[in-house]
Amino acid sequence: MRRGPFRIPAGGTLDRSRTVRFKFDARPYSGFAGDTLASALLGNAVRRVARSFKYHRPRGVFSSGIEEPNALLQLHRGARSIASERATMVELKEGLEAYPQSGWPSVRWDAARVFDLTAPLWAAGFYNKAFIWPSWHVYESLVRRMAGLGRAPDGADPDYYDVRNLHCDVLVVGGGVAGISAGIAAGGAGARVLLVEQQSALGGQCAWDGAAIAGRSALSWLDTAVERLRQLPDVKVLTRTMAVGHYDHGVVSLVQRGDDGAEAPRETLYVVRTGKLILATGAIEQPLVFCNNDRPGIMLAGAAREYVRRYAVAPGRQVLVATNNNSAYATARDLKDAGVEVIGIADSRADPSAELDLDLRSLGIPVFSGFIPIDTAGFGGLRAVTIGKLSQDGLAVASRKEFACDALAVSGGWNPTLHLHSQGGGNLVYSELTGALEAAAVRSTTVGLVGSAAGINRIDEVVRHAGATAAALAATTASTGAVATGLQEPAQKTLTGAVASFGLRISPVGNTARKWVDLLHDVTVADLELAVRENFVSVEHVKRLTTAGMAADQGKTSTVLTLENIARLRGLRPADLGHTTFRPPFTPVTLGSIAAGDVGEYFAPRRHLPTHAWHAQRGAVFQDFGEWLRPVAYLRGAESRAQAATRETHAVRAAAGVFDGSPLGKIEVHGPDALEFLNKFYINDLSTLKPQRVRYVMMLRESGAIFDDGTVVMLAPDHFLVTTTSGQAARVTEWLEEWHQCEWPQLNVAIVPITDQWATFSLTGPRAREILATFETNIDLSNSAFPHSCLRVGHLAGIAARVYRVSFSGELTYEINVASTHAQTFMDALMSIGICPEIAPFGLDALLAMRLEKGFLHIGTDTDGTTVPDDVGWGAVAARKQQDFIGRRSLVLPENLRADRLQMVGLASLKDEDLQPGSHVRLPDSVEATDGWVTSAARGTLDGRPIGLAMLRAGRRRLGTELSVHDMGRVTAARVVALPFFDSTGARMNA
Amino acid sequence: MLEVVPNHNAVEVPPALSTATRLQVRVGEARGKLTIRRVHSETSIWPGLPRAVGTSAVAECRVLCLGPSEWLAIAETLSLPSLRSGAFSAESGLIAVDVTCAIALLELRGSGARDLLSGGCGIDFDLRRFAIGRCCRTRLAMIAVVIDHVGENAYNLYCACSYLAYMRSWLSDKSRYLKP
């Protein structure tokens with residue numbers, strides 16, 4: 001195997017016995033098991049992995065973790081393709097294919113680099129200023145082509161994503177030394193613990209940094225600690241898992257990457273409900289700001305250390321280290337120990353030896369005290385770095401040195417990772433001491449910070465503090481029982497360690513348009529200057545104008561530097577500036593994991609009719625109506641859906657048909673106050689309702705808008721049957737419950753939804769009575785004994801039934817309710833009656849055409865959220881009612897009394913052309929763009945002429961008016977006609 | 001008055017599920033069911049009913065307390081739960097409505113049941129919190145259900161009959177991904 005040119009022959013935690021082949025930009029490379037994609041690319045000396053977002057400058061790997069702003073790559077091709085994956089987080093797998101996301105013709109030679117050469121044209125907010133004349137649309141297609149990162153997969157995702165709910169007393173985020181210590185302490189205290197770690201194994205930095213804990217090697221400590229965790233009975237560990245969101249009431253969302261295995265989900269979303277949250281999330285290193293600080297070869301010092309120690313990859317052949325704090329010295333030492341040439345350390349502090357308590361000569365590396373990088377050179381990658389010592393006033397360079405080198409490791413200090421803390425409402429403050437956004441004094445009884453997230457760096461103190469904090473939190477959890485006292489373990493924040501002190505990290509000299517603050521969105525100091533010059537004052541506003549911190553990395557390496565720059569430009573202290581808001585998710589989350597299993601068949605619940613199979617056998621075409629799968633028509637032979645509906649309506653009008661109305665909402669209301677209760681909901685006066693009589697009723701929202709319609713029947717003075725439209729059954733039940741529980745708890749009623757208990761079949765047509773009479777029944781079916789708008793309870797063919805005489809088709813109709821488990825028996829009995837040639841099952845298409853002909857209202861089709869009863873001809877009923885009802889007061893608002901409101905009318909086409917629902921209508925003399933719209937349309941069931949219902953401005957005054965109907969550029973004409981279109985005396989349904 | 005004792009073994013769980021089968025889902029046999037409601041807010045609760053929401057009791061039939069004024073009674077057979085008819089009257093303030101045909105029963109048996117339920121439901125099924133004998137009304141796979149912990153690794157799941165096909169399909173789809 002060809003060893004990568006930057007690969008160090010020995011060391012690291014790689015499995016060198018396992019070579020892993022992969023491709024980048026269609027070229028074959030190889031790495032080792034244990035590599036990330038980023039370390040493998042560096043190992044193969046691939047320096048340019050991306051082009052920057054705006055200026056198309058070459059970019060290389062900048063970090064070794066989730067904060068990566070440069071190495072965002074497209075993985076795979078086809079349906080499994082995924083965009084903007086951070087190469088630093090991708091475990092190297094055999095056959096992995098990665099592609100750059102930008103650069104034409106290639107990432108190495110990108111013609112769009114021209115944007116870099118013309119950079120002054122593309123300052124912050126340029127698109128808001130430049131693309132105004134003559135119109136944004138002139139530029140839109142070009143801008144859309146140039147903008148954006150990555151490509152969407154070109155097929156439906158073939159993988160499975162899972163979702164799980166988890167519960168715990170203590171959730172520990174982060175599986176490094178602090179997190180493990182916290183997990184052991186919380187688990188040891190008897191709490192139910194969940195510990196999550198983003199990497200594939202626990203340990204974090206201590207797994208590779210060679211530290212010593214409690215006087216022994218970190219690896220030996222780690223082995224013991226992991227074993228202790230395993231032995232604790234109530235501790236669960238999830239690796240490869242990122243905590244991405246922290247919400248109210250201790251809800252935390254986690255996303256776990258799947259491990260290999262055919263049956264394993266690609267990702268799993270965990271919704272965790274936890275009592276306490278411990279953040280052991282560590283810290284993220286911040287860069288330095290100087291001219292041309294974005295060239296490939298420039299990398300965070302901590303990352304350089306991780307690459308050399310963990311992955312045995314050198315960041316370059318000659319490395320310069322630049323820092324403002326102590327932490328980068330470890331990088332320099334480790335690079336030197338690994339045999340990499342370290343040119344020197346530029347430390348912006350005047351006297352680092354005092355800070356380090358170290359004779360710098362003992363390092364064997366030149367240290368340039370008081371020097372900060374000023375500029376860099378190199379077109380495709382870093383070639384040289386200029387460092388400078390500033391003059392007394394800090395505005396000019398007093399002396400400078402230039403070094404030829406191909407890597408620069410920079411450290412601008414460490415910022416604790418407190419995103420989850422902030423998302424959950426925790427406050428952050430800028431600390432002058434550390435130059436970091438730290439947690440404000442924590443008094444939370446539910447969230448604890450440990451390790452470097454709490455600003456603690458000395459390893460033994462990390463172990464002690466994390467354990468004590470976790471034990472204190474665990475002591476007050478559900479499992480352990482005590483009451484929270486609000487005490488938090490005080491930390492000994494001795495700052496000996498990484499950020500004992502920090503020096504200058506923003507070079508004050510040089511061209512600010514070449515000093516990058518946000519690498520991913522190509523935001524420079526000049527952009528921030530422009531924003532402040534244009535009087536953007538708030539950090540939130542500057543962020544939105546410049547887009548600093550708004551990229552896919554959400555400013556993990558830029559937020560603090562942006563704050564410091566704005567503060568400097570405005571002459572304020574950063575602490576007085578506040579900070580931008582941290583929102584979930586912490587890192588990008590795939591749509592697949594959010595959708596999880598709720599796709600395809602499980603996108604929404606489906607409800608089946610009790611006799612679903614029976615309908616299917618008869619050629620039913622099913623459609624989804626408010627979760628219910630309902631037959632719209634029953635196809636015979638080569639019939640079209642429209643032909644089938646026409647045949648069905650003819651059969652009903654001529655003889656009889658049967659419609660499955662089982663989804664009809666059914667509610668029983670019991671109790672001595674049931675009548676008083678129900679009367680508060682409907683515009684109809686129920687106080688005159690007689691037993692066994694059916695009343696058509698309409699209910700309103702508080703706004704006066706029509707909410708639902710249906711029927712009410714009194715079975716007994718304390719027992720009522722209520723029906724609702726099929727789609728609103730659950731909503732009406734909730735509505736009744738809400739008013740009962742919140743407003744009228746003194747009324748003694750019980751509301752029992754029973755939709756699923758009863759199957760409902762409408763036997764309708766002129767021969768319906770004749771058919772029903774063939775059943776053995778104890779119900780007198782004669783018109784005098786059982787007239788329209790009545791209900792009878794009895795038996796039909798030995799089956800208990802509630803039979804309504806109500807009609808939505810305009811024909812004589814018996815609406816028969818039987819227990820849903822008897823539905824099939826009943827239908828079999830009905831269909832075996834030989835009195836007609838057949839009883840046609842008919843679907844919703846036929847039913848809706850017939851009801852349209854009768855001018856019957858279909859709530860939600862003919863009405864919308866603004867329709868009041870008077871608009872559809874029910875104003876008089878509402879006005880007559882003496883008692884109060886919900887929505888009544890709104891009916892007299894001026895808006896609801898306007899004479900030119902939209903009102904329901906009938907339309908007859910003048911041209912034998914179908915009317916289309918949604919078409920707009922215009923009156924002949926109209927100056928308005930629209931005078932209303934068609935709400936329903938059909939063809940007359942007997943004469944076949946096109947008819948419709950419309951909501952028309954002052955419609956009831958327009959009878960006979962001819963108007964134009966506009967549908968997608970097609971114009972036709974219709975006349976406003978009286979309703980109904982059919983059987984205006986109602987003789988047929990009263991027959 | 002009915003003698004009611006808290007019961008933790010109301011439903012017999014098939015013994016010795018093979019270790020390979022972490023889960024069996026089957027549609028339960030038809031059983032009579034009544035929803036019981038308290039109409040009068042001031043009347044005291046009939047002592048035959050469990051008082052605490054989320055608990056169950058068993059005498060002639062199993063009774064689940066689903067809300068402050070709501071119970072579900074489930075018989076062992078198709079006939080309606082034989083609660084004393086005198087229990088339901090204007091005086092008692094309790095009413096009962098037959099929901100035998102409205103509610104379907106799915107029986108989940110096996111050590112995978114809890115995992116499966118957690119895939120679509122936010123309830124904490126930890127045995128210390130949702131012990132045998134506990135029940136709850138909640139949402140599973142986006143629909144309203146009642147979950148009744150009837151025995152060791154045994155859960156009865158009640159949903160509206162019209163959702164039965166969807167629920168079965170969801171359970172079977174999700175159980176494919178249960179870890180062995």
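User: Let's start with Tyr29(A). Which element does Tyr29(A) sit in?

Analyst: Happy to begin there. In this predicted model, Tyr29(A) belongs to strand β2 of chain A, which spans residues 27-33.

User: How do I decide whether Tyr29(A) is buried or exposed?

Analyst: Look at relative accessibility and compare it with the cut-off: buried means under 20%. Tyr29(A) has a relative accessibility of 16%, so Tyr29(A) counts as buried.

User: And what does Tyr29(A) contact, leaving aside its neighbours within four places in sequence?

Analyst: With those neighbours set aside, Tyr29(A) touches Val20(A), Arg21(A), Phe22(A) and Phe24(A), as well as Asn44(A) and Val46(A).

User: Can we apply the burial idea to a whole element? How many residues of helix α22 of chain A are buried?

Analyst: Good next step. For a helix, count its buried residues. In α22(A), residues 844-853, eight of the ten are buried, so the helix is largely enclosed by the rest of the structure. Among them are Leu844(A), Leu847(A) and Met850(A), and also the charged residues Arg851(A) and Glu853(A).

User: Which elements do the buried residues of α22(A) pack against?

Analyst: They pack against strands β31 (620-625), β32 (628-634), β33 (657-660), β46 (932-939) and β47 (946-953), together with helix α17 (641-654), of chain A. Just after α22(A), have a look at the backbone too: Gly855(A) has a positive phi of about 70°.

User: Now the interface. What area do chain B and chain A bury between them?

Analyst: The general idea is that interface size is often given as the accessible area lost when the parts come together. Here, chain B and chain A bury about 3,200 Å², with 50% of that on carbon and sulfur atoms. On chain B's side, Cys101(B), Ser162(B) and Tyr177(B) supply 19% of the area buried against chain A, more than any other three residues. The contact involves 42 residues from chain A and 39 residues from chain B.

User: How many salt bridges and polar contacts join the two chains?

Analyst: There are four salt bridges across the interface. One of them pairs Arg128(B) with Asp234(A), whose closest N and O atoms are 2.7 Å apart. Polar contacts link 23 residue pairs between chain B and chain A.

User: Which element of chain B gives the most to the side that touches chain A?

Analyst: That is α2(B), with six residues. By class, this side of chain B has 19 nonpolar, ten polar and ten charged residues.

Conventions
Residues numbered from 1 in each chain as written. Chains lettered and ligands numbered in written order. Predicted model: local features only at pLDDT ≥ 70, side-chain atom pairs only at ≥ 80, totals over all residues. Heavy atoms only, no water. Contact = heavy atoms within 4.5 Å. Buried area = accessible area lost by both parts, 1.4 Å probe. Salt bridge = Lys/Arg side-chain N within 4 Å of Asp/Glu carboxyl O. Polar contact = N/O pair within 3.5 Å; in protein donor to acceptor, adjacent residues only side chain to side chain. Helix = DSSP H or I, 4+ residues; strand = E, 2+ residues; numbered from the N terminus. Buried < 20%, exposed > 50% of the residue type's maximum accessible area, 1.4 Å probe, protein only.
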